[in-house]
Amino acid sequence: MFHQLIGQVSLALMLLVCGWALWRGGKPERVAAAAMVAAWIGTSFVLDRRFIDIQWATLAVDLMLLAVLVALSLVYRRRWLLAASGFHLLGVATHGAMVIDDKIQAAPYIVALGIWSCAVVASLAYGMVVLTRSSAAATR
């Protein structure tokens with residue numbers, strides 16, 4: 001998974017964005033960043049790298065992250081949280097597609113999960129940009 005350059009770059013970007021959110025973010029940004037890092041760690045422990053069957057344990061980790069993102073969306077009025085929740089829901093739906101049709105090959109499954117994961121991280125990055133700009137405008 002992370003033996004390819006794209007996996008290494010996406011991991012580095014996720015750690016960079018989550019580190020930024022943990023360092024400078026508000027409460028929802030910090031909680032979401034911590035949950036994303038925890039989900040990545042959890043996934044790395046439960047992932048069946050053979051990809052010959054449905055990734056049930058990974059689905060469980062993704063459902064937990066989805067619950068955190070949706071709960072944050074309900075408590076905090078941040079657009080990026082809605083986007084992150086929506087993108088992550090698409091990732092969960094990708095698992096659902098595998099449940100419905102187990103003939104889906106591993107490569108499209110992996111790529112789709114990677115795309116939705118990057119979109120969730122991009123949503124957090126957008127939220128951090130908005131937060132940083134609003135904080136800078138407030139100090140002027």
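Predicted model: local features only at pLDDT ≥ 70, side-chain atom pairs only at ≥ 80, totals over all residues.
Student: What makes the buried residues of α3 a single side of the helix?

Tutor: The buried set is Thr-58, Leu-59, Val-61, Asp-62, Leu-65, Leu-66, Leu-69, Leu-72 and Ser-73. They cover an arc of only 160° around the axis, so they are on the same side of α3. Turned away from that side are the exposed residues Met-64, Leu-74 and Val-75.

Student: Which helices do the buried residues of α3 pack against?

Tutor: Their partners are α2 (27-46), α4 (79-100) and α5 (106-138).

Student: On to α4, then. How do you know that its span agrees with its 22 residues?

Tutor: At 1.5 Å a residue, α4 should span 32 Å, and its end C-alpha atoms are 31 Å apart, which agrees.

Student: And why are the buried residues of α4 said to line one face?

Tutor: Trp-80, Leu-81, Ala-84, Ser-85, His-88, Gly-91, Val-92, Thr-94, His-95 and Met-98 are the buried residues of α4. Seen down the helix axis, they fall within an arc of 160°, so they line one face. The face turned away carries Arg-79, Leu-82 and Ile-100, which are exposed. The buried residues of α4 pack against α2, α3 and α5.

Student: Why are α4 and α5 called roughly antiparallel?

Tutor: They pack at an angle of about 170°, with their axes 8 Å apart. Angles over 145 degrees count as roughly antiparallel, and α4 and α5 are therefore described that way.

Student: What is the make-up of the contact of α4 with α5?

Tutor: Its residues divide into 14 nonpolar, 6 polar and no charged. Among those on the α4 side are Phe-87, Leu-90 and Gly-91, while the α5 side includes Tyr-109, Trp-116 and Ser-123.

Student: Let's take that serine. Why does Ser-123 count as buried?

Tutor: Ser-123, in helix α5, has a relative accessibility of 5%. Buried means under 20%, so Ser-123 counts as buried.

Student: Which residues is Ser-123 in contact with, leaving aside its neighbours within four places in sequence?

Tutor: Ser-123 is in contact with Trp-80, Ala-83, Ala-84 and Phe-87.

Conventions
Residues numbered from 1 in each chain as written. Heavy atoms only, no water. Buried < 20%, exposed > 50% of the residue type's maximum accessible area, 1.4 Å probe, protein only. Helix = DSSP H or I, 4+ residues; strand = E, 2+ residues; numbered from the N terminus. Arc of directions from axis to C-beta. Contact = heavy atoms within 4.5 Å. Axes fitted to C-alpha atoms, helices over the stretch in contact; angles between N-to-C directions. Parallel < 35°, antiparallel > 145°, perpendicular 65-115°, else oblique. Nonpolar A, V, L, I, M, F, W, Y, C, P; charged D, E, K, R; others polar. Expected span 1.5 Å × (residues − 1).
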